[in-house]
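Dear colleague,

Here is the structure I promised to pass on, with the sequence alongside. My notes follow below it, and I would be glad if you read them with the model open.

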Amino acid sequence: MAKIVMHMQKKNLNTHDKVEVYGLIKKENVYLDGVEVHRVTFEKEAKWSKGLKPYAATESCLLPHVAYVQSDRLKVVMDDGSEEEFCSGDIMMLPSRSRCMGG
């Protein structure tokens, strides 16, 4: 069941609550009541297999994502072999079982 938001909340990704670094991938986290928002930065040579796979201990990401590509490009490969490149300004919705690579 979805959580009902009872009051207005405001935070800024520039003053994040937590930063996590996985090789060439940086994840800045902001937490609101029941919601997490992340800004993820992939350096040019960043790859799921090198940065996140060792921490996740899975072959691909098991979480679905809705994201906005702020700049540059990001290639995504799904476990079924399908792939797509997302560019600056694109919004993407990914099911679980994806691997991302910085562009």
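**Around Ser 60**

Leaving out neighbours up to four places away in sequence, Ser 60 is in contact with Trp 48, Asp 79, Arg 97, Ser 98 and Arg 99. Please keep in mind throughout that this is a predicted model. Ser 60 lies in the loop between helix H2 (53–56) and strand S4, and with a relative accessible area of 1% Ser 60 counts as buried, because the cut-off for that class is under 20%. Its side chain makes a polar contact of 2.9 Å with the side chain of Asp 79.

**From Asp 79 to the other salt bridges**

Which residue forms a salt bridge with Asp 79? The partner is Arg 99, and the closest N and O atoms of the two are 2.4 Å apart. This pair joins distant parts of the chain, since Asp 79 is in the loop between strands S5 and S6 (83–87) while Arg 99 is in strand S8 (residues 98–102), 20 residues away. Asp 79 has a relative accessible area of 39% and is therefore partly exposed, and Arg 99, at 23%, is partly exposed as well.

In total, eight salt bridges are counted in the model. Another of them is formed by Asp 72 and Lys 44, whose closest N and O atoms are 2.6 Å apart. Here too distant parts of the chain are linked, with Asp 72 in the loop between strand S4 (65–68) and strand S5 (73–78), and Lys 44 in the loop between strand S3 (35–42) and helix H1 (48–51), 28 residues apart. The relative accessibility of Asp 72 is 37%, which means that Asp 72 is classed as partly exposed. A further salt bridge brings together the side chains of Glu 83 and Lys 75, at 3.2 Å from N to O, and Lys 75 is partly exposed at 30% relative accessibility.

**Around Phe 86**

Phe 86 is found in strand S6, and its relative accessible area of 12% puts it among the buried residues. Setting aside residues up to four places away in sequence, Phe 86 touches Val 69, Asp 72, Arg 73, Leu 74, Val 76, Ile 91, Met 92 and Leu 94. For orientation in the viewer, the C-alpha atoms of Phe 86 and Lys 47 are separated by 15 Å, the two residues being 39 apart along the chain.

**The chain as a whole**

The protein chain has two helices and eight strands, which follow one another along the sequence in the pattern β-β-β-α-α-β-β-β-β-β. Its C-alpha atoms fill a box of roughly 40 × 30 × 30 Å along the principal axes. Of the 103 residues, 23% are buried, and the accessible surface comes to about 7500 Å², with 55% of that area belonging to carbon and sulfur atoms. Among the contacts with a separation of 6 or more, 37% are between residues 24 or more positions apart. As for charge, there are 15 positive and 15 negative side chains, and the centres of the two sets lie 4 Å apart.

Definitions and conventions:
Residues numbered from 1 in each chain as written. Predicted model: local features only at pLDDT ≥ 70, side-chain atom pairs only at ≥ 80, totals over all residues. Heavy atoms only, no water. Salt bridge = Lys/Arg side-chain N within 4 Å of Asp/Glu carboxyl O. Helix = DSSP H or I, 4+ residues; strand = E, 2+ residues; numbered from the N terminus. Buried < 20%, exposed > 50% of the residue type's maximum accessible area, 1.4 Å probe, protein only. Contact = heavy atoms within 4.5 Å. Areas by Shrake-Rupley, 256 points an atom, 1.4 Å probe, with all protein chains shown as cover. Lys, Arg positive; Asp, Glu negative; His and termini not counted. Charge placed at Lys NZ, Arg CZ, Asp CG, Glu CD. Polar contact = N/O pair within 3.5 Å; in protein donor to acceptor, adjacent residues only side chain to side chain.
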